[in-house]
Amino acid sequence: MLQEYMKEQKKHIDARLKELLCTDVKAFERLYESMNYSLNGGGKRIRPILMLAVIEMLGKNSRPYLDMACALECVHTYSLIHDDLPAMDNDDYRRGNLTNHKVYGDGMAILAGDGLLTYAFELMASQKQIESSKISAIISTFARAAGPAGMVGGQAFDLESEGNMEIGIDGLKLLHKAKTGVMFKAAIDIAAIVGDATLEERNALDDYALYMGLTFQITDDILDVVGESHVLGKPVGSDKKNKKATYVTIFSLEEARRLARQSAESASASLTPFGDRARILKELVEYMLVRVN
């Protein structure tokens with residue numbers, strides 16, 4: 001059921017993403033080409049799918065919020081473009097394609113990332129079907145998650161921690177929560193605002209976001225060791241190359257797998273208040289645990 005659900009949602013998201021970024025200013029064409037190159041260059045679309053799935057679990061039709069979901073993907077793509085730059089992780093491939101800076105150069109890649117980030121907020125603010133009070137709360141939530149108190153802070157900590165294998169488990173948890181988990185939580189928080197979630201539902205969703213994000217990141221650490229480049233669509237072994245602390249290097253491959261399974265089980269357990277309505281979200285975290293890319 002999950003694979004069919006993800007395929008259908010991805011089809012709608014991909015189609016809408018292809019429609020969004022265009023310009024009639026000839027001087028800006030290469031910038032827009034660079035943005036679209038990465039935005040429409042593949043990807044599982046997990047964050048927007050997660051947001052839409054939570055909205056549906058809360059009893060609302062998700063289709064009117066497709067642009068909001070696309071805004072999430074714009075910010076995620078911006079973060080990947082910047083992450084791949086020579087001054088960051090210095091990767092040559094992403095999603096099976098050459099990274100943005102390898103095609104368009106470092107300067108244009110930086111501007112493409114900047115463009116996607118700022119466009120995401122323009123897209124969010126233009127959603128007329130959502131009450132203005134909710135739009136304000138959504139943008140505030142999203143900006144904090146994407147900014148220096150969230151993802152950008154996590155990226156900075158990641159950069160500062162490069163070569164330092166001694167950050168410990170607390171440092172590793174902070175790194176992954178800020179760099180990766182925070183955007184999953186933002187997708188869920190936005191859905192909770194849109195779906196008028198109760199306090200009990202929000203608390204359950206907060207727990208789910210925490211453990212689901214942890215499951216995703218530990219699995220990412222594992223795949224960087226045991227994955228295959230042609231399946232992942234990006235190089236493996238980059239964590240080791242950049243001397244980064246991960247769940248595999250701090251613990252072991254076997255222990256990392258155990259921790260990932262434990263986190264997935266905790267994520268599923270947190271959804272108990274939703275009963276059968278949570279089936280897609282439970283299957284989604286299981287998918288994150290066993291994914292190969």
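This is a predicted model: local features need pLDDT of at least 70, side-chain atom pairs count only at pLDDT 80 or more; totals for chains, interfaces and linings use all residues.
Residues are numbered from 1 along each chain as its sequence is written, and side-chain values use heavy atoms, with hydrogens and water left out.

Me: What makes a set of points a pocket?
Reply: On a 1 Å grid over the protein atoms alone, a pocket is an open set with protein on both sides within 12 Å along at least five of seven lines, and a lining residue has an atom within 4 Å of a point. Of the 24 lining residues here, K177, A178, G181, V182 and K185 are the closest to the centre.

Me: Which helix gives the most to the lining of the second largest pocket?
Reply: Helix 9 does, with ten residues; a helix is a DSSP run (H or I, at least four residues), numbered from the N terminus.

Me: Why does R202 count as partly exposed?
Reply: Its relative accessibility is 34%. Buried means under 20%, exposed over 50%, and partly exposed in between (1.4 Å probe, protein chains only), so R202 at 34% is partly exposed.

Me: Why is H101 called buried?
Reply: H101 has a relative accessible area of 6%, which is under 20%, so H101 is buried.

Me: What is H101 in contact with, leaving aside its neighbours within four places in sequence?
Reply: D84, L85, P86, D91, D106 and A109, where contact means heavy atoms within 4.5 Å.

Definitions and conventions. On a 1 Å grid over the protein atoms alone, a cavity is a set of points where a 1.4 Å probe fits but cannot get out, and a pocket is an open set with protein on both sides within 12 Å along at least five of seven lines; lining residues have an atom within 4 Å of a point. Helices (H or I, at least four residues) and strands (E, at least two) are DSSP runs, numbered from the N terminus.
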